Amino acid sequence: MNRIIPGVDSVQPVLDRAVETLGAPGVVVEIQRRDAQWWGSAGAADTRSGRPRQSDERFRIGSATKAFTATVVLHLVGEGRVSLDDSVERWLPGLVRTDHYDGRAITVRQLLNQTSGLFNYVQDPALAANAVGDAWFAHRYDRFTPEDLVTIALSNPPTGAPGERFMYSNTNYILAALIVERITGQAFGDELERRIVRPLGLTGTYLPGNEPGIRGAHPVHYSTLFSPDPKPAIHDATEMNQTYAWSAGGLISTTGDLNRFVGALLGGRILPAAELAEMLTTVPTEGAGWIPGTRYGLGVFAQTLPCGATVWGNGGATYGSWVYSMGTRDGSHLVTAQINGDWSGLSTFNDVLEAQFCPA
């Protein structure tokens with residue numbers, strides 16, 4: 001699989017450093033540059049047995065799911081079945097209507113570019129308390145409906161007026177998928193399969209629903225369970241119910257599938273030109289406590305590297321898995337990286353991107 005690609009000699013030391021210095025259990029990177037591919041790894045899929053990482057492993061991709069969800073919505077926009085300027089109220093009447101929220105004032109576009117002002121349900125105090133440390137074990141199989149998650153979000157105050165500013169919220173993408181279901185009359189997972197997964201041949205990508213395990217080959221997902229302890233214990237968090245993330249962060253995929261998806265998306269092979277242009281129209285993220293050097297579009301973001309190069313794609317973090325999948329604007333040069341641990345931060349991904357997209 002490995003072919004000569006400029007800059008890969010600088011990538012392997014980054015992977016080794018992630019394991020040896022930052023303590024990551026294992027890390028994989030797959031690089032695609034036109035017809036050349038390179039795959040590299042360090043560390044282990046299972047630290048107990050020493051089993052190495054494999055190129056076909058599936059893993060949870062967290063918020064990289066949002067790029068898929070936005071693409072499904074923009075498919076419907078291209079078909080003339082919904083407008084980005086439609087209100088949430090039009091498609092989900094009465095669902096977003098409280099003393100603090102009015103779905104008539106929030107548009108589909110504001111859901112997708114994270115400017116709706118809707119509270120992020122994962123930050124709800126009661127939900128968050130059940131998601132950290134030992135409490136996680138008691139609640140990892142809890143099931144949520146999308147409506148449950150929206151109700152939790154709406155019980156908290158807004159983060160701003162609609163359209164006022166970027167503020168990251170998973171609630172936006174739960175509502176976006178509910179709109180897809182209302183328009184199509186089909187389950188969101190079925191629309192995702194029909195419009196993206198099957199046409200692109202993404203054989204390792206699926207939305208697990210209530211299924212707690214990961215099908216096929218996969219690494220152990222090691223997690224601190226987001227404990228505030230300065231020296232937290234590390235746990236196996238592979239098995240869990242991700243209905244709490246659903247269309248905002250529930251997908252399972254592979255490095256190869258993510259490169260194929262992002263390459264096809266940026267290369268104009270999934271969305272019509274007008275809808276792709278909407279997706280790549282960005283808002284600033286400064287002041288939101290989000291990833292530095294980024295601007296957010298519709299389910300994807302642009303990141304400007306220290307050398308001045310800009311890459312596009314998405315990333316995600318969930319229990320035991322951090323993922324980054326980025327590429328050049330034309331989709332001809334792609335990098336997907338995954339760490340099967342959730343404590344080593346973004347530095348490894350940034351270093352990999354610089355090794356690939358910044359000229360020596």
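Helix α8 is mostly covered, since 13 of its 15 residues are buried, where buried means under 20% relative accessible area, exposed over 50% and partly exposed in between, with a 1.4 Å probe and protein chains only. Please keep in mind that this is a predicted model, in which local features need pLDDT of at least 70 and side-chain atom pairs count only at pLDDT 80 or more, while totals for chains, interfaces and linings use all residues. Residues are numbered from 1 along each chain as its sequence is written, and side-chain values use heavy atoms, with hydrogens and water left out.

The helix covers residues 170-184 and reaches 22 Å from its first C-alpha to its last, close to the 21 Å expected, the expected span being 1.5 Å times one less than the number of residues. Helices here are DSSP runs of H or I with at least four residues, and strands are runs of E with at least two, numbered from the N terminus. After α8 comes G185, whose phi is positive, near 75°.

Let me turn to two residues in this region. N172, which is found in helix α8, counts as buried because its relative accessibility is 0%. Not counting residues up to four places away in sequence, N172 touches Q110, L111, Q114, S116, L118 and M167, a contact being heavy atoms within 4.5 Å. S169 lies in the loop between α7 and α8, and its relative accessible area of 0% is why S169 is buried. Beyond its neighbours within four places in sequence, S169 is in contact with Q114, L118, F119 and N120.

How does α8 pack against another helix, and at what angle to α2? Helix α2, residues 65-78, and α8 pack at an angle of about 35°, with their axes 10 Å apart; axes are lines fitted to C-alpha atoms, for helices over the stretch in contact, and angles run from 0 to 180 degrees between N-to-C directions. Among the residues that meet are V72, V73 and L76 in α2, and A176, A177 and V180 in α8.

Finally, there are the strands. Strand β11, residues 310-318, is also mostly covered, with seven of its nine residues buried. Strand β10 pairs with β11 in the antiparallel sense over four bridges, pairing being counted if DSSP finds at least two bridges between two strands.
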